[in-house]
Each structure stands twice: as structure tokens, then as C-alpha cells.
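Here are my notes on the model you sent. They are set out as numbered points.

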Amino acid sequence: VQLQASGGGLVQAGGSLRLSCAASGSIFSGYVMGWYRQAPGKQRELVAIITSGGSTSYSDSVKGRFTVSRDSATNLVYLQMNSLNPEDTAVYYCNYRSGPRIYWGQGTEVTVSS
């Protein structure tokens, strides 16, 4: 499975961005795709996940501001990020899991200026 993340950039506090993750290769019917982020000097942390059945889950820090969605027909997963603040600055990675298989995308950088 190959993952290509895009959509990062520089945005002012209070602004919005939408990240996209394109998955290709052997996409099984049962999977979990997610967005993780890693800020400078910090560990990678979970942001949001979505299952192949459409269930979603969010970290407390983004709940109510971020929305994860998917387009199953095109194997695209999105992360709509609203009300961004400087603490959201990080490299965002998309992730695919199906059984024992785990894959990571290359990351897209999000910078939120105050």
C-alpha cells in the first residue's frame, strides 16, 4: 500500500486546511486509516481515525475542530481542520492498517502562525 499525503501549508490561527491522503495498492475491505502528527521535539500522536465502515474517532485536542472523512470509491481520506491554532503545527502523516499490515505516508507539514 502506498500513501500520498498532501494539503499542508502555512495558515494563520483561526484558519482552515484540508489534508488529503491517497491510498493505492492492495486496499483490503477491512481497514483503519488515520492521521497522526508529530510536532518538533515531540512524539508522534494520533489525531483521528476512520474505519472502512465509516466509524471515526478523534483525539481530545482536535475534537470538534477536525473532521476525518473518506471517499471509498477513490481510496481518499481527508482531514478537514478548522479553528487551527499554533499548537496544531506539526508534520501530519496518514496511516493505513489492515490486520498486521501497517503503512505510513511521507507526511505533510502544517504551520499555524499566531
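1. Strand β9 is mostly covered, with 7 of its 9 residues buried. Bear in mind that this is a predicted model.

2. β9 has strand β4 (residues 32-38) as a partner, and the two pair in the antiparallel sense over 7 bridges. Within that pairing, Trp-35 has Cys-94 of β9 as its bridge partner.

3. Strand β11 (residues 108-113) also runs antiparallel to β9, joined to it by 3 bridges. Here Tyr-92 stands opposite Thr-108 in β11.

4. Strand β10 (residues 101-104) pairs with β9 as well, in the antiparallel sense and over 4 bridges. Asn-95 stands opposite Trp-104 in β10. The two strands form a hairpin with 2 residues between them, and Gly-99 in the turn has a positive phi of about 60°.

5. A search of the whole structure turns up 1 disulfide. Its partners are Cys-21 and Cys-94, with an S to S distance of 2.2 Å. Cys-21 belongs to strand β3 (residues 17-24) and Cys-94 to β9 (residues 90-98), so the pair ties together parts that are 73 residues apart in sequence.

6. Which hand does the disulfide of Cys-21 and Cys-94 have? The torsion about its S-S bond is about 60°, so the disulfide is right-handed.

7. Are the two cysteines, Cys-21 and Cys-94, buried or exposed? Both Cys-21 and Cys-94 are buried.

Note on methods: Residues numbered from 1 in each chain as written. Predicted model: local features only at pLDDT ≥ 70, side-chain atom pairs only at ≥ 80, totals over all residues. Heavy atoms only, no water. Disulfide = S-S within 2.5 Å. Buried < 20%, exposed > 50% of the residue type's maximum accessible area, 1.4 Å probe, protein only. Pairing = 2+ DSSP bridges.
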